[in-house]
Amino acid sequence: MAKKTALYERHVALGARMTTYAGWALPVQYPTGPKAEHLHVREAVGLFDIDHMGQIVVTGPDAVPYLQRIMTADVSRFSVGRANYSMMCYDDGGIVDDVFIYHMPDRYFITVNAANNAKDTSWVNYHRSHFNVSVENVSQETYMLALQGPLSQPTLQDLCAYDLDELAYHEAVDTNVAGVPTLLGRTGYTGEDGFEIYFPANEAIHVWDALMEAGEEYGLLPIGLAARDSLRLEPCMPLYGQEISANITPFEAGLGWAVSLDKETLIGRYALLKTHLEGPSRKLVAFEMIERGVPRHDYAVHVEGTVRGHVTSGMYSPTLEKFVGLAYVPSEHASVGQEIGIDIHGSVRPAVIVNKPFYTPTYRG
Amino acid sequence: MPVQVDENCLYTESHEWLRIEGEEAYTGITDFAQDSLSDVVYVELPDVGDTFEQGEPYGVIESVKAASDCYLPLAGEILEVNEELEVSPELVNEDPYGEGWFVRFKIEDPDQINDLMDPDTYKEYAEKAQEEGTH
């Protein structure tokens, strides 16, 4: 039986179609429909129930050396009040998960993927020994909503005493939203300006209702998982289980910028250094279909007549009005302009490698 | 949501509709089918002159969610495909029984018409499927 979020009844009342994702019953779409929901977030503002996401809080005198060991990014360089992308890797360089780390004055607040929450918790606890730190999974008592789109700020400002002009891209602050203590980050997973909102789970209905009401004059719509997926794919943001996994290293995925190889204690450092120095044998590329067809996860990619890779994600892009996807191909065939073939329902259709991303994010601040 | 049916059509268990015009017929997918599939982004249709057995897959509907086959309700030869769908696949969602038609074909064996459901029977069938599909 899938777990229900506190907003389950709200979604059903709004006419959502529910699906099961990572063990949670979540809205995949509302009556607006995925394509229109997607475009609405690009043009106006949308609200996402993403309580399935997990959160882990790290505190204590050894927080920095501990995080330096388990996180690929250089945590010592994270300013207070900023959110940063990182990954955790296994000894062989494969990815445990990708995360966002909010460096708050009194704690490191880490957002992890729903599907990896249990695994991550075991992983971070396993590596805690020898460090004077407290590591606490706060997923159950923490609710997470995302407000995304160019009209996010006016929608939220009515409910928030903090001057949002002062909160720049990837900054975060402990404040109040609708009278509820909230960790507010100018972060997201859509390629638009917007906020991720963390607050006590027992206030979920109150905060949701307040945001829906405040957003009325800006045309706020609730947005389902289908649009969340297409919105993240246009700016080429990776999804664990598709672009990244235990069998893929950050350098193959084009995420080497979030790996600090200088950190001597980093788990997986030797393997990561090796991939970096030798160069990855395959790379994640963006492609556009030349012939029509919808590329989907795991479809075979042909290069010069033989199967040489696979599609990680693909779709009809509502913003570009094109069929696009991401795929792993051998590094020697990963240049922009390279023609590849995608096996769609048994026919190999031409596609071409293009620059990443498909959609250039329009952040502010 | 109530299941919409067209009173002038016959129906298959795989949620295709059939509108007979003499020795020919139009077919497409039902309102229930388009609603279950969600936004249609591409429809792959056969070539004019292709022939299919009754119930044989003749095309693929690509929605935001997944790829699904569509099946010819009766054996026949394709006479025309709806080329509008190439540029406007959303017609399948907006007007499934009208502008969202898929193909026109020549009926090979009129006896097969007896295998199809009338509108009332289909409506009941689709409503049952809808109940089972939602929780």
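A salt bridge, as I use the term here, is a side-chain nitrogen of Lys or Arg within 4 Å of a carboxyl oxygen of Asp or Glu. The model is predicted, so please hear every value as computed from it.

Let me start with the interface. By that rule, three salt bridges cross between chain B and chain A. By residue type, the side of chain B that touches chain A has seven nonpolar, four polar and seven charged residues.

As for extent, 18 residues of chain B and 17 residues of chain A take part in the contact. Together the two chains bury about 1,300 Å², and 46% of that is on carbon and sulfur atoms. There are also nine residue pairs in polar contact between chain B and chain A, counting pairs with both residues at pLDDT 80 or more.

Now to the salt bridges one by one. Over all chains, the search of the whole structure gives 20 salt bridges. R17(A) is in strand β2 (residues 17-21) of chain A and D35(B) is in helix α1 of chain B, so this pair joins two chains. The closest N and O atoms of R17(A) and D35(B) are 3.1 Å apart. How exposed is R17(A)? R17(A) is partly exposed, at 23% relative accessibility. D35(B) is partly exposed as well, with a relative accessible area of 23%.

Within chain A, D106(A) pairs with R107(A), and their closest N and O atoms are 2.8 Å apart. D106(A) is exposed, with a relative accessible area of 52%, while R107(A) counts as buried at 18%.

In chain B, what does the pair K106(B) and E23(B) tie together? K106(B) is in strand β9 (residues 103-107) and E23(B) is in the loop between β2 (16-21) and β3 (24-29), so the pair links parts of chain B that are 83 residues apart in sequence. The closest N and O atoms in this bridge are 3.5 Å apart. K106(B) is partly exposed at 37% relative accessible area, and E23(B) is exposed at 58%. Some bridges also share partners: R42(A), E192(A) and E234(A) are joined into one network in that way.

E37(A) is in helix α2 (residues 34-43) of chain A. E37(A) is buried but has no salt bridge, and the nearest side chain of opposite charge, that of R17(A), is 9.5 Å away. What does lie by the side chain of E37(A) is the backbone nitrogen of Y30(A), 2.8 Å from one of its polar atoms. Setting aside neighbours within four places in sequence, the contacts of E37(A) are Q29(A), Y30(A), T32(A), P222(A), I223(A), G224(A) and A227(A).

Last, helix α3 (residues 63-70) of chain A. Which of its residues are buried? They include A63(A), Y66(A), L67(A), Q68(A) and I70(A). An α-helix has 3.6 residues a turn, so residues three or four places apart point the same way. The cover over the buried residues of α3(A) includes β5 (54-59), β6 (82-89), β8 (107-112), α4 (117-126) and β9 (134-137) of chain A.

Terms used
Residues are numbered from 1 along each chain as its sequence is written. Chains are lettered from A and ligands numbered from 1 in the order in which they are written. This is a predicted model: local features need pLDDT of at least 70, side-chain atom pairs count only at pLDDT 80 or more; totals for chains, interfaces and linings use all residues. Side-chain values use heavy atoms; hydrogens and water are left out. Contact means heavy atoms within 4.5 Å. Buried area is the accessible area (1.4 Å probe) that two parts lose on being put together, summed over both. A polar contact is a pair of N or O atoms within 3.5 Å; within protein, one must be able to donate a hydrogen and the other to accept it, and residues adjacent in sequence count only if both atoms are side-chain atoms. Ala, Val, Leu, Ile, Met, Phe, Trp, Tyr, Cys and Pro count as nonpolar, Asp, Glu, Lys and Arg as charged, and the others, Gly among them, as polar. Helices (H or I, at least four residues) and strands (E, at least two) are DSSP runs, numbered from the N terminus. Buried means under 20% relative accessible area, exposed over 50%, partly exposed in between (1.4 Å probe, protein chains only). Lys and Arg count as positive and Asp and Glu as negative; His and the chain ends are not counted.
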